[in-house]
Amino acid sequence: MSEKLRVGILGATGMVGQRFISLLENHPWFEVAVVAASARSAGKTYEDAVGSRWKMTTPMPEAVKKLVVMNVNEVEKVAAEVDFVFSAVDMSKEEIREIEDAYAKTETPVVSNNSAHRWTPDVPMVVPEINPEHFEVIEFQKKRLGTKRGFVAVKPNCSIQSYAPVLTAWKEFEPYEVVATTYQAISGAGKTFKDWPEMVENIIPYIGGEEEKSEKEPLRLWGTIEDGVIKPATEPKITCQCIRVPVLNGHTAAVFVKFRKKPTKEQLIEKLESFRGVPQELELPSAPKQFIRYMTEDNRPQVQLDVDYENGMGVSIGRIREDSIYDFKFVGLSHNTIRGAAGGAILCAETLKAKGYIQAK
């Protein structure tokens, strides 16, 4: 019998669910024991339920092909088979909050890729290199839910991964005003070019809800726990535009920053390259060795060359230079469905396991 923790994937047939499954193949700590999806997929083998809709570039792992898909709404039944679950369900926000809480109340920890619980005051929203201490709010959440081991934890929006870690590394210089424009890949909408042919050679200057998330979620990452809830930071003020571009994977950001304590370019680069967090210190399985790298070439980072840096878990930064209106500007790149989605959630789960929040039932 394996000593790995048994994982359930809620929403296993969708694009993020597929990414979870591909990333968890041969994971040293976790193994996929249950795949769950909507009633229309339930009862079929995973291979049959997904059919021609497998969107990963790597083949479907053999270990999941014959798993029979369970109904995600049969909460008790799914929970009985697993130690914890990853949530990537495609439902309304209200339904997602309801079903994630229902799993938590069966004493099954939920690590969610969804946005529904990101502003629930006692639910930690974590990038493990930035704010792992926010997991401490789980103890207050358990009191609210009436659980001993069940809780919900979430990761933030994919679009902020290419600049929030950078601003964290530069915290001592007190960034107080930020302008960011993100150029976002179509996989962020769960699409490929085959699904979305109108995106070929096209740009759409609007992504619903994305600008608000991109402006506000970093402030929650930098917040503090007060009276059992997370109180967001008030600075830096961030204004953002989010644009959909004809790229499959990889969100790029062009960012302008004002600092109260003006650094040199060399200081900024040094802070990026020396930035480490709990995942690096604990050498967690999915942790990038070098979380943020600085690229000196004028034409980098590029999606085609750099999106898979550190297996998609690292962030690439380039073109730091002084600005005529702001203090400095830079370009960032992160993998939106690995670091920004499933991979980021897996790293959260590894951190939670290392800190004792997730254990075998």
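Modeller: Start with Met313. Met313 touches Ser286, Pro288, Phe291, Ile338, Arg339, Gly343, Gly344 and Leu347, leaving out residues up to four places away in sequence. This is a predicted model; local features need pLDDT of at least 70, side-chain atom pairs count only at pLDDT 80 or more, and totals for chains, interfaces and linings use all residues. Residues are numbered from 1 along each chain as its sequence is written, and side-chain values use heavy atoms, without hydrogens and water.

Colleague: What makes a pair of residues a contact?

Modeller: Contact means heavy atoms within 4.5 Å. The C-alpha atoms of Met313 and Ile338 are separated by 6.4 Å, though the two residues are 25 apart along the chain.

Colleague: Why is Met313 called buried?

Modeller: Buried means under 20% relative accessible area, exposed means over 50%, and partly exposed lies in between (1.4 Å probe, protein chains only). Met313 has 4%, so Met313 is buried. Its place is in the loop between helix H11 (303-306) and S13.

Colleague: And Thr168, buried or exposed?

Modeller: Thr168 has 12% relative accessibility, so Thr168 counts as buried. Thr168 lies in helix H7 (residues 164-169). Beyond its neighbours within four places in sequence, Thr168 is in contact with Ile130, Trp222 and Phe275.

Colleague: How do you know where a helix or strand begins and ends?

Modeller: Both are DSSP runs, numbered from the N terminus: helices are H or I with at least four residues, strands are E with at least two.

Colleague: What makes two strands a pair?

Modeller: DSSP must find at least two bridges between them. Strand S13 (residues 315-322) and strand S14 (residues 328-334) have five, in the antiparallel sense, so they pair. Ile317 has Gly332 of S14 as its bridge partner.

Colleague: Which helices pack on that sheet?

Modeller: H8 packs on the sheet, touching strand S7 (175-184) and S10, at about 145° to the direction of S10. Helix H9 (residues 265-274) touches strand S11 (251-259), S12, S13 and S14, at about 140° to S12. Axes are lines fitted to C-alpha atoms, for helices over the stretch in contact, and angles run from 0 to 180 degrees between N-to-C directions.

Colleague: Why is the sheet called open?

Modeller: Six strands run in the order S10-S7-S11-S14-S13-S12, with mixed pairing. Strand S10 (237-244) and strand S12 (292-295) are the edges; each has a single partner strand, so one side of each lacks a neighbour in the sheet. The twist averages 20° from one strand to the next.

Colleague: What joins strand S4 to strand S1?

Modeller: Four bridges, and S1 (residues 5-10) runs parallel to S4. Ile9 stands opposite Phe86. Both faces of S4 (residues 84-87) are covered: Phe84 and Phe86 on one side, Val85 and Ser87 on the other, are all buried.

Colleague: What makes a space a pocket and not a cavity?

Modeller: On a 1 Å grid over the protein atoms alone, a cavity is a set of points where a 1.4 Å probe fits but cannot get out; a pocket is an open set with protein on both sides within 12 Å along at least five of seven lines. Lining residues have an atom within 4 Å of a point. The largest pocket is lined by 45 residues, with Val16, Ala88, Val89, Asp90 and Asn114 nearest its centre. H1 gives the most to that lining, with four residues.
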